[in-house]
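Open the model in your viewer and keep the sequence panel beside it. This tour tells you what to select next and what is there.

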Amino acid sequence: MPRIAIIGAGLSGLCTAHYLVNLLSGAGKEAEILLLEADDIPGGKMRTIRQDGFHMEWGPNGFLTNKPYGMELVKDLGIEGRLARSSDLARKRYIYSGGALHRLPETPPAFFRSNLLSLSGRLRIAWEPFAAGPPGGIDESLGDFARRRLGTEALEKLIDPMVTGIFAGDPDQMSLRACFPLIHELERKYGGLVRGMLSLRKERAKRGEQGEMSAGPGGVLMSFDGGVQTLADTLAGRLAEGLHLNVTVNRVERRGDAYALLLSESGLREEMAADVVIVATPAYAAAQILAPLDEGLSDALAAIPYSPITVAALGYQKATLGNPLDGFGFLIPRGEKRQILGALWDSSVFPDRAPEGRALLRVMVGGVRAPELAALPEEQLLTLARGELHDIMGISAEPVLARAFFHDRGIPQYLVGHGKRLERIDGRLAHFPGLHLNSNAYRGIALNDCVLQSRLTAERIAKTL
């Protein structure tokens, strides 16, 4: 019986194992599937910290229904009844600009009534259909794309905070095609964003689809009754027989037609043979594991940078806030020179994240904008976060809960040239049949993307096994 070893039991590793089990079983094939996780908890950053009735997300907040893959997985697992739909308040998002919070307009009429951008800035966006087309033969940055099509003010007040909220990155360094392939394709197919949106609206009408199209991220934000860790726990429970925690894979070597994994477990070193190896760790960890196998592959993986970020979770008595928290939260453009990236009003989005009469906020600190702040000692960082909330939202109350979760290498950065880097990685992998890479460092950082790439990885393996 062939053995498949999956290194890393984060979301990508768990999903890959889940789909492999289903596909092989459906095809009448057998294989031993082993999940090897260095931590004592599976799920990677899909972790929910529970304390004093608060549910604090260690990493991501949930997933959107704008792509079908997350919901398909939920239905496949039979846990639709555990889904938690975000409050309608989640549609109200804010940008901090000029010392005030401005609601992010979702529709063209709301956009032209908003004071977030100056009149000239709004007119420049309205001129988008006449903007210059994409430059040929280059991997354009998000910043250059935004300046070309929408203008400098839109970049500074809209695109910059959006990139901060998703990647904690710098739009002038991020690749448009790698970060937002749908927007990249929209311009190339229809000649611009407005033309593309109008064409998509017509196509939706022909298909009989209802609902308004907006400039927001689209879809509904979903989580689970016990937080996002519910999904990881469900997957881990289904895969318990082959899941091994506290097992570190130090290196992978080629041995004839198979692979040898050198492991550390409880201080002991041992070796494991495998016919198929899926490295489902962050790119920097994959680089170390695969260095003895192929130096060029290792170098390409190590070149994918990550942004550091700290999540400061603050719980309050609602009556002491002096703020209704009627929305999703806010993001801050770089030009405002604040010390935080933004804040999520978690208990307004998902009311069960805080006990009755209390509220939970999560403040984001660091990113490529201020990596040194993410690394501050916890007490100092929490003081900084509270000071910023006081200045921006007028919150001076003493929190009833304060925690900080530091991610030294939190979010992979799809920099200009990311596509070429993936081509080099794929070229090196072609020399090693049975070796696969799968994590959010390559082709999408969101939950939906991870689920899709895991399914595709499993399908490739099932076909060739």
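**Stop 1: a hairpin**

Select the hairpin of β3 and β4, which has 2 residues between the strands; there, Asp-52 takes a positive phi near 50 degrees. Before going on, note that this is a predicted model, in which local features need pLDDT of at least 70, side-chain atom pairs count only at pLDDT 80 or more, and totals for chains, interfaces and linings use all residues. Residues are numbered from 1 along each chain as its sequence is written, and side-chain values use heavy atoms, with hydrogens and water left out.

Strands (E, at least two residues) and helices (H or I, at least four) are DSSP runs, numbered from the N terminus. Now show β3 (residues 48-51) with β4: 4 bridges join them, and they run antiparallel. Two strands pair if DSSP finds at least two bridges between them. Pick Thr-48; its bridge partner in β4 is Glu-57.

Stay on β4 (residues 54-57) and show its side chains. Phe-54 and Met-56 point one way. His-55 and Glu-57 point the other way. All four are buried, meaning under 20% relative accessible area, where exposed is over 50% and partly exposed lies in between (1.4 Å probe, protein chains only). In a regular strand, side chains alternate between the two faces of the sheet.

**Stop 2: an open sheet**

Select β5, β9 and β6. They form an open sheet of 3 strands in the order β5-β9-β6, with antiparallel pairing. β5 (63-64) and β6 (83-85) are at the edges with a single partner strand each, so one side of each has no neighbour in the sheet. Zoom in on β5 and β9 (residues 221-224), which are joined by 2 bridges. Phe-63 has Met-222 as its bridge partner in β9.

**Stop 3: two crossing helices**

Select α2 (residues 69-77) and α17 (residues 447-464). Their axes come within 7 Å and cross at roughly 65 degrees. Axes are lines fitted to C-alpha atoms, for helices over the stretch in contact, and angles run from 0 to 180 degrees between N-to-C directions. So α2 is roughly perpendicular to α17; that class covers 65 to 115 degrees, with under 35 roughly parallel, over 145 roughly antiparallel and the rest oblique.

Which residues make the contact? From α2 come Tyr-69, Gly-70, Glu-72 and Leu-73; from α17 come Leu-447, Asn-448, Val-451, Leu-452 and Arg-455. Contact means heavy atoms within 4.5 Å.

Move along α17 to Thr-457. Is Thr-457 buried or exposed? It counts as buried, at 1% relative accessibility. Beyond its neighbours within four places in sequence, Thr-457 is in contact with Thr-16, His-436 and Asn-438.

**Stop 4: salt bridges**

How many salt bridges does the structure hold? There are 33, each a side-chain nitrogen of Lys or Arg within 4 Å of a carboxyl oxygen of Asp or Glu.

Select Asp-39 and Arg-47, whose side chains meet at 3.0 Å, N to O. Asp-39 is partly exposed at 31%, while Arg-47 is buried at 13%.

Next, take Arg-149 and Glu-128, a salt bridge at 2.5 Å, N to O. Arg-149 lies in α5 (residues 142-149) and Glu-128 in the loop between α4 (119-126) and α5, 21 residues apart. Arg-149 is buried at 0%, and Glu-128 is buried at 1%.

Finish in α6 (residues 152-167), where Lys-157 and Glu-153 sit 4 residues apart, about one turn of the helix. Their closest N and O atoms are 3.4 Å apart.
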